[in-house]
Amino acid sequence: MAQYFNEPSRTFSEYLLVPGYTGPDCIPANVDLSTPLVKFRKGEEPSIKLNIPMTSAIMQSVSGEKLAVALAQEGGISFIYGSQSVEDEAAMVARVKATKAGFVPSDSNVKPDSILADVVRLKEKTGHSTVAVTEDGTADGKLLGIVTSRDYRVSRMDPKTPVSEFMTPVEKLIVAHEGVTLAEANDILWDNKLNQLPVLSEDGKLLYFVFRKDYDAHKSNPIELLDSKKRYVVGAGINTRDYETRVPALVAAGVDVLCIDSSEGYTEWQKRTLSWIHENYPDMKVGAGNVVDEEGFRFLAESGADFIKVGIGGGSICITRETKGIGRGQATAVIEVAKARNEYFKETGIYIPICSDGGIVYDYHMALALAMGADFLMLGRYFSRFDESPTAKLLVNGTYVKEYWGEGSNRARNWQRYDLGGDQKLSFEEGVDSYVPYAGPLSDGVRQSLAKVRSTMCNVGVLNIKDLQDKAKLTLVSATSIVEGGAHDVILKNK
C-alpha cells in the first residue's frame with residue numbers, strides 16, 4: 001500500500017515568525033549574514049563561506065558572467081548555467097575569474113584599422129566609453145592605444161575615419177604593469193588625475209583596466225566574495241551525462257565549486273557523478289539535489305554531496321508538479337530536510353549545508369526559509385529581473401520587463417536536467433517562457449531585500465543565521481490571517 005502523509009505540505013506564505021526579545025545590541029547593522037556553502041566537520045571551518053545567504057539559479061536566463069561578478073561583489077555566488085557547450089561554460093567561468101576585484105578585462109576592443117563607426121557601435125553595445133586598440137582587436141592583444149569619448153566627435157568626423165588617426169597612442173598613456181596591486185593602481189589614477197589605467201604584461205599585452213569610477217564602488221562592497229588571489233568566487237552547474245568532459249574543463253577554468261543541476265536528486269546518476277568527481281578531483285566541492293525529504297537527503301549525504309539543494313516544483317517558471325504530479329510544498333520540504341541535516345550532524349559530526357531552491361515570492365520568505373533551517377537560498381526569478389541577468393530588457397504594454405524562461409521549457413531544452421537515463425531529448429515541457437518586471441541594478445535590489453531580512457532577524461532577537469535557526473518561533477496562519485496580513489478595508493491611493 002502506498003505511503004500517505006497525514007499533514008498537508010506547506011508553503012512559506014502559510015507561516016509567520018513570532019517576535020522575540022530585541023536587546024539593545026540587536027540592530028540591523030550588527031546582523032551577520034555569513035553562512036557555510038560547503039560541508040565541514042564539527043569544530044572546523046568550511047572551506048567556502050558566503051557573506052550573504054544568496055546564490056543564483058543554474059539557468060540560462062539568470063546566471064551569466066555579469067551577474068556572477070555583480071553577485072560576488074555583494075557577497076554571494078552564482079552558478080554559471082550548464083545548458084551550453086562545455087567550451088562556452090568554461091570560458092564564462094574563466095572570464096569571471098579573470099575579473100579581479102577592481103581589475104576589469106576589456107570588453108570593448110578594436111584594431112587600429114577599424115573605423116569610427118565601429119567605435120560608436122561598440123559603445124552602443126557595451127555602454128562603455130573606453131575602447132582598447134590592440135594589435136589584433138582582442139582583449140588581451142598588444143596594446144597600441146585607447147579611444148575615449150574625448151578623442152572624437154561624431155558630428156564633426158567622417159564615420160569611416162580610421163581609429164589609428166584619432167586614438168591616444170600607448171606612448172602617450174600612463175600605464176601600470178603586471179603585479180601592480182589595486183592600491184598602487186588607484187594611487188596612480190588619483191595622482192595623475194586619470195579616468196582609466198591600462199595594466200600591461202611585460203611584452204605589452206593588455207591585461208586589465210583599473211577605472212577611477214570603480215574606486216568608490218570597490219570601497220562600497222566590503223563583503224565581496226573573493227578567493228585567496230582576490231578574484232571573484234564563482235560556481236558552475238554540471239549534469240549527470242557529460243561530467244567526465246565538463247568537470248575537467250571547468251576545473252581548468254578556475255571554478256571554485258560545482259553543483260549538479262537536476263530536477264530530482266534521489267537518483268543513481270547523481271551518486272555516480274559525485275563518486276567520479278571526488279575520486280578524480282578530491283579537492284573540488286560539489287553540491288547535489290534536489291530533494292524534499294529525509295530519505296533524499298540521507299542518500300546524497302552518504303553519496304558525498306558537499307551541500308544539498310531542497311525543492312521540487314516550487315519555482316515560478318516550473319510546472320513539474322502540474323505536469324508530473326511530483327513535488328512537495330517548499331516550507332515543509334525545508335523543515336524536514338533541515339531536521340535530517342541536524343540529525344546527521346549529531347550522528348557523524350559532519351554538517352552539510354542545505355539550500356532552499358524555489359518558492360521565494362516575497363522578501364520575507366527569505367527570512368522564513370532561513371529560520372526553517374536553510375543555510376542559503378538559490379534564486380531564479382529574483383535575479384532574472386536585474387540589469388546584470390543575461391536576458392533582454394523589453395517594453396511590453398508600457399512596462400519594462402525582462403525575459404525569463406525555465407530550463408525545462410522548449411526555449412532552453414535542457415533535457416540533461418530532467419534526464420532519467422532515457423532518450424537524449426526533452427520529451428515534454430516542465431517549464432514555461434515568461435516575463436518578469438524589470439527591477440534595475442542587482443546591488444540595489446539585494447541590499448534592500450537583505451535590509452528586510454536583517455530587520456526581521458532583529459525582531460526575532462538574533463544576530464546571525466545559526467541563532468535564527470535555533471531560536472525562531474514560527475506559527476501557521478489561516479487563510480483569513482493571510483488576508484489580514486496585507487492592506488485591507490481601505491481604498492489605496494494610486495502609486
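Predicted model: local features only at pLDDT ≥ 70, side-chain atom pairs only at ≥ 80, totals over all residues.

Reader: In which sense do β7 and β8 pair, and over how many bridges?

Author: Strand β7 (residues 109-110) pairs with β8 in the parallel sense, over 2 bridges. V133 in β8 is the bridge partner of V110. Between the two strands the chain passes through helix α3 (residues 116-126), and this β-α-β crossover is right-handed.

Reader: How does β8 run relative to strand β9?

Author: β8 and β9 (residues 143-147) run antiparallel and are joined by 4 bridges. Here V133 stands opposite G145 of β9.

Reader: Now the rings. What describes a pair of aromatic rings?

Author: The distance of the centres and the angle of the planes describe such a pair. The structure holds 15 aromatic pairs. In one of them, the ring centres of F103 and Y208 are 5.5 Å apart and the planes meet at 65 degrees, so the pair is edge-to-face. F103 lies in the loop between α2 and β7 and Y208 in strand β13, so the pair ties together parts 105 residues apart in sequence.

Reader: Is F103 buried or exposed?

Author: F103 counts as buried because its relative accessibility is 7%, under the cut-off of 20%. Y208 is also buried, at 18%.

Reader: What does a tilted pair look like?

Author: Y266 and F299 form one, with 5.1 Å centre to centre and 50 degrees between the planes. Y266 lies in the loop between β15 and α7, F299 in helix α8, 33 residues apart.

Conventions
Residues numbered from 1 in each chain as written. Heavy atoms only, no water. Pairing = 2+ DSSP bridges. Right-handed = clockwise from strand over helix to strand, strands pointing away. Phe/Tyr/Trp six-rings, centres within 6.5 Å; stacked < 30°, edge-to-face > 60°. Buried < 20%, exposed > 50% of the residue type's maximum accessible area, 1.4 Å probe, protein only.
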